[in-house]
Amino acid sequence: MTVCRKICRAVLQFFKKLLNLITMRRLLMRVLNRVLLSDTFAPTMGVEAEIHTQGRRKLVVGLGNPGMEDTRHSVGMAVLGALAARLGLADRWRGDKNVSGEVILSELPHTHVVLLRPKLLMNVNGVSVAKAAGKYGIKPEDILLVHDELDKPLGKIAMKHGGSARGHNGVRSCVDCLQTDVMPRLRVGIGRPSGKTPVDRHVLSRFTSEEQKVLDSVVVQSVDLLLSQLSQQDTQSPSSPKGGRQAALKRKEREPSASPDIGGETSSQNHINLIVDSENGFSQIC
């Protein structure tokens, strides 16, 4: 019994230290986000924003690490590059130090679009996103994040409308800098590592030649889905809560749900997923 107690105590101490380490890391990232983001997020409607004063404005962001566009963790950048090519704008990228990234300005029916490739590391991508949103006067609910997803296998994509970062540091940075989690996200599956390969090594690795064939099809379907989302008619949507997720939850508790459940989640939760399987050629709402 004494040995068992010692083992249990050692295990508890280990997990306590691990939890403290994770908490400290997240705290440091949050502080770094705030330091890099010198101005509080707020639409400024400057000279560049004036071109978007008519019609709805949307921001599409490919999350990733600059200089590592071919890795799994930067698959969002690959999708965004393919979107720019589909729009015939692949040669229109220009650096903008005011947003710490590269941007393209474009127009679709009923929608003005800004494409953004952050030039900051993944863990602080949110700084670039918040700066771009402020510069072009774009609301958080009109910011579409494209990023990799460990919990989905390669060949599947899913559209998620708001909610937690689910462990993704780039999304967590965006939530922290924008002070809300209402941003829709296109999650591109990269799958979890096999064997004893560490997650960090897996996400920073490149796709194999066989995986690249699957990825090519995924990128095409991702662009199709993005264009579908961007071309939707403007609808009245509530402004994002100033206090972030907690404020949103408190507000939703006071608002009755007007729609039936879809896949076990009510529309008031606003977390409906559209899943696309590139291998079997089907889409499903869940």
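Mentor: Lys58 counts as buried because its relative accessibility is 11%. Buried means under 20% relative accessible area, exposed means over 50%, and partly exposed lies in between, with a 1.4 Å probe and protein chains only. This is a predicted model, where local features need pLDDT of at least 70, side-chain atom pairs count only at pLDDT 80 or more, and totals for chains, interfaces and linings use all residues. Residues are numbered from 1 along each chain as its sequence is written, and side-chain values use heavy atoms, with hydrogens and water left out.

Lys58 sits in strand β1, residues 56-62. Strands (E, at least two residues) and helices (H or I, at least four) are DSSP runs, numbered from the N terminus. Leaving aside residues up to four places away in sequence, Lys58 touches Thr111, His112, Val113, Val114, Ile138, Asp142, Gln229 and Leu230. Touching here is a contact, meaning heavy atoms within 4.5 Å. With Gln229 there is a further detail: its backbone oxygen lies 3.1 Å from a polar atom of the Lys58 side chain. Gly137 is 79 residues from Lys58 along the chain, yet their C-alpha atoms are separated by 9.3 Å.

Now the charged pairs. A salt bridge is a side-chain nitrogen of Lys or Arg within 4 Å of a carboxyl oxygen of Asp or Glu. By this rule the count is eight. One of them joins Lys135 and Asp96, with the closest N and O atoms 2.4 Å apart.

Glu149 and Arg187 form another salt bridge, at 3.4 Å between the closest N and O atoms. Here too distant parts are linked, 38 residues apart: Glu149 in strand β5 (residues 143-149) and Arg187 in strand β7 (residues 184-189). Glu149 counts as buried because its relative accessibility is 5%. Arg187 counts as buried because its value is 2%.

Glu210 and Lys213 also meet in a salt bridge, 3.4 Å from N to O. They are separated by about one helical turn, because they are three residues apart in helix α6 (residues 209-230). Glu210 is exposed, and so is Lys213.

Key: Polar contact = N/O pair within 3.5 Å; in protein donor to acceptor, adjacent residues only side chain to side chain.
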